[in-house]
Amino acid sequence: MSNKITIDDATFEEAISGDKAVIVDFWAEWCGPCKMVEPILDEIAGEYSDKLILAKLNIDDNPQSAANYGVMSIPTMIVFKNGQKAKTIVGARPKHQMLKELAEFIG
């Protein structure tokens with residue numbers, strides 16, 4: 001299985017339930033900062049493919065999951081470990097800062 005997946009409301013729970021850390025990127029087509037953070041997340045997912053999965057969730061098409069986890073602004077990245085919410089990162093960040101935020105999951 002690729003470590004970069006697209007999920008929706010129907011596949012959300014299954015996607016976050018594995019033993020690898022899953023970064024769910026809540027985004028939308030119209031969101032400029034989402035487009036800025038996307039290549040950074042792709043790069044990190046590629047470099048740490050043995051430790052994490054990047055799951056993209058378009059909030060316009062899948063409002064239920066965003067509502068369930070209280071996502072009020074995007075981009076919001078929520079890291080899940082064993083199906084449990086472990087960390088929330090709100091807003092675009094440069095790669096070095098994103099790596100610092102994710103250190104406990106990729107270290």
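## Terms and model

A residue is called buried when its relative accessible area is under 20%, exposed when it is over 50%, and partly exposed in between, using a 1.4 Å probe and protein chains only.

The model is predicted, so local features need pLDDT of at least 70 and side-chain atom pairs count only at pLDDT 80 or more, while totals for chains, interfaces and linings use all residues. Residues are numbered from 1 along each chain as its sequence is written, and side-chain values use heavy atoms, leaving out hydrogens and water.

## Overall fold

Let's start with the whole chain. Its secondary structure comes to five helices and five strands, arranged from the N terminus as β-α-β-α-β-α-β-β-α-α. Here helices (H or I, at least four residues) and strands (E, at least two) are DSSP runs, numbered from the N terminus.

The radius of gyration is 12 Å, which agrees with the value near 13 Å that a compact globule of 107 residues would have. That radius is taken over C-alpha atoms, and the globule rule is 2.2 Å times the number of residues to the power 0.38. Along its principal axes, the C-alpha trace spans about 30 × 30 × 20 Å.

## Packing and surface

Of the 107 residues, 43% are buried. Among contacts (heavy atoms within 4.5 Å) with a separation of 6 or more, 70% link residues 24 or more positions apart.

The chain exposes about 5,600 Å², with carbon and sulfur atoms supplying 52% of it; these areas come from the Shrake-Rupley method with a 1.4 Å probe, and for residues only the protein chains shown count as cover.

## Lysine 56

Back to the residue we opened with. Lysine 56 lies in strand β3, which covers residues 52-58. Its side chain makes a polar contact of 2.7 Å with the side chain of aspartate 25. Such a contact is a pair of N or O atoms within 3.5 Å; within protein, one must be able to donate a hydrogen and the other to accept it, and residues adjacent in sequence count only if both atoms are side-chain atoms.

Not counting residues up to four places away in sequence, lysine 56 touches Ile5, Thr6, Ile7, Asp25, Trp27 and Glu38.

## Leucine 99

Leucine 99 sits in helix α4, residues 95-101, and its 22% relative accessibility makes it partly exposed. Beyond its neighbours within four places in sequence, leucine 99 is in contact with Ile44, Tyr48 and Ile106. The C-alpha atoms of leucine 99 and leucine 41 are 9.6 Å apart, although 58 residues separate the two along the chain.
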